[in-house]
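Please look over the sequence and the structure shown here before reading on.

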Amino acid sequence: MDNLSTPAVIKDILSRHGFTFSKRLGQNFLINPSVCPKIAELGRAESGFGIIEIGPGIGVLTNELCLRADKVVAIELDPRLLPILGETLSEHKNLKIVNADVLEVDLKKLIEDEFSGLRVAICANLPYYITSPIVMKLLEDRLPIVSITTMVQREAADRLCAPLGTREAGAVTVAVDYFSEAERLFNVSRGSFMPQPNVDSAVIRLNIREEPPKVADEKLFFKIVRGIFTLRRKTVLNALSGSMGIEKPEAAKILDSAEIPQNLRPEQLKMQELISLCGAYDKFLKE
Ligand code: SAM
């Protein structure tokens, strides 16, 4: 359907279907016609690619994805949007809509079943209430994908794309940096959405690494990262002992062995230091 991201067209469709926005599901639909083509192009919607979209809403971005990619699978939780999508995207034969919570979907299987012979990328304007859990799932599931291109709240973009070792970095930043190279693509103002949210947004792209860095034990690595970042403003000595339940002299020994000064803050640690910390901890457990 043409002009899908014009406010008048959206209002007409929504009122004909008696649709009311759900704040709980993060429903802020794009009404700026220039944004979706840009996300689609930068998100690898092109020949030879299959795209998974999360949260199609009424299909503004989906439409642009279907015009460019070989195949699109869009996962939408709200069943009230299905008849609307049936109307707005009826012309696209390369589209499949899945009515499900993305956090519950076996995405590896979906990729195997739906995208045989295609390279795969993920594109979304994510519901902001679960941005981090969705990004973590997409990364930790180790999906055979090239990139994740998504709109997020501007503060989330700051955090996800922050260089490690800076105040903005959190445990999620470490995971992003471990599995991908993050790029901030462009900002989007709050006026580009209906209803207008109280925050501004930005589009980011996570380019998935072929090989994540080598760590002694990946589960332990993320356990330590999550643990020390919950106490990010404490010294790394206190954070390590407090979050991992070990005595301070033991924590001090591990930090010495990893050559990390005890008085640094967890948020000051860079990837190489976190990897060394995991190695030293793993050695301590095996001693
Ligand atoms: N892509 C549309 C756009 O840009 O206008 C809508 C984006 S809106 C910010 C987020 C969409 O995600 C909504 O359609 C909402 O119903 C859907 N959603 C919310 N939680 C979801 C979940 N757990 N799984 C799949 N979709 C979800």
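In what order do the seven strands of the open sheet stand, and what is the sense of their pairing? In this predicted model, the order is β4-β3-β2-β5-β6-β9-β7, and the pairing is mixed. The protein as a whole has 12 helices and nine strands, and its C-alpha trace spans about 65 × 40 × 30 Å along the principal axes.

**Overall build**

- Of the 287 residues in the protein, 50% are buried.
- Among contacts with a separation of 6 or more, 69% are between residues 24 or more positions apart.
- The chain is divided into domain 1, covering residues 7-208, and domain 2, covering residues 218-286, and the centres of the two, taken over C-alpha atoms, are separated by 34 Å.
- Where the domains meet, 16 residues of domain 1 are in contact with 14 residues of domain 2.

- On one side, β5 is joined by six bridges to strand β2 (residues 49-54), with the two running parallel, and here E53 stands opposite C123 of β5.
- β5 also pairs with strand β6 (residues 147-153), again in the parallel sense, over four bridges, and C123 stands opposite T149 of β6.
- The pairing of β7 with strand β9 (residues 201-208) is antiparallel and extends over eight bridges, with A202 in β9 as the bridge partner of N187.
- Helix α8 (residues 171-179) packs on the sheet and touches both β7 and β9, its direction making about 115° with that of β7.

**Nonpolar cores**

- The largest nonpolar core has 67 residues, and those with the most contacts inside it are I52, F221, I224, I228, L240 and L277.
- Both domain 1 (7-208) and domain 2 (218-286) give residues to this core, so it lies between them.
- Which residues does F221 touch, once its neighbours within four places in sequence are left aside? They are V174, Y178, V215, M271, L274, I275 and C278.
- There is also a second, separate core of 36 residues, which includes I31, V35, L65 and I84.

**Helix α12**

- The 16 residues of helix α12 (residues 271-286) should span 22 Å at 1.5 Å a residue, and the end C-alpha atoms are 23 Å apart, which agrees.
- The buried residues of α12 are M271, L274, I275, L277, C278, A280, Y281 and D282, and the helices they pack against are α8, α9 (218-230), α10 (236-244) and α11 (248-257).
- As background to such a pattern, an α-helix has 3.6 residues a turn, so residues three or four places apart point the same way.

- A8, found in helix α1 (residues 7-16), is exposed, with a relative accessible area of 59%.
- The C-alpha atoms of A8 and I31 are separated by 9.5 Å, and the two residues are 23 residues apart along the chain.

**Backbone details in loops**

- Most residues other than glycine have a negative phi, and most peptide bonds are trans.
- R44, in the loop between α2 (35-42) and β2, has a positive phi of about 75° although it is not a glycine, and R44 is partly exposed, with a relative accessible area of 23%.
- The peptide bond from M194 to P195 is cis, with omega near -15°, and P195 is found in the loop between β8 (193-194) and β9.

Note on methods. Residues are numbered from 1 along each chain as its sequence is written. This is a predicted model: local features need pLDDT of at least 70, side-chain atom pairs count only at pLDDT 80 or more; totals for chains, interfaces and linings use all residues. Side-chain values use heavy atoms; hydrogens and water are left out. A nonpolar core is a set of buried Ala, Val, Leu, Ile, Met, Phe, Trp, Tyr and Cys residues joined through side-chain atoms within 4.5 Å. Buried means under 20% relative accessible area, exposed over 50%, partly exposed in between (1.4 Å probe, protein chains only). Domain bounds come from an automatic or database domain assignment. Contact means heavy atoms within 4.5 Å. Two strands pair if DSSP finds at least two bridges between them. Axes are lines fitted to C-alpha atoms, for helices over the stretch in contact, and angles run from 0 to 180 degrees between N-to-C directions. The expected span of a helix is 1.5 Å times one less than its number of residues.
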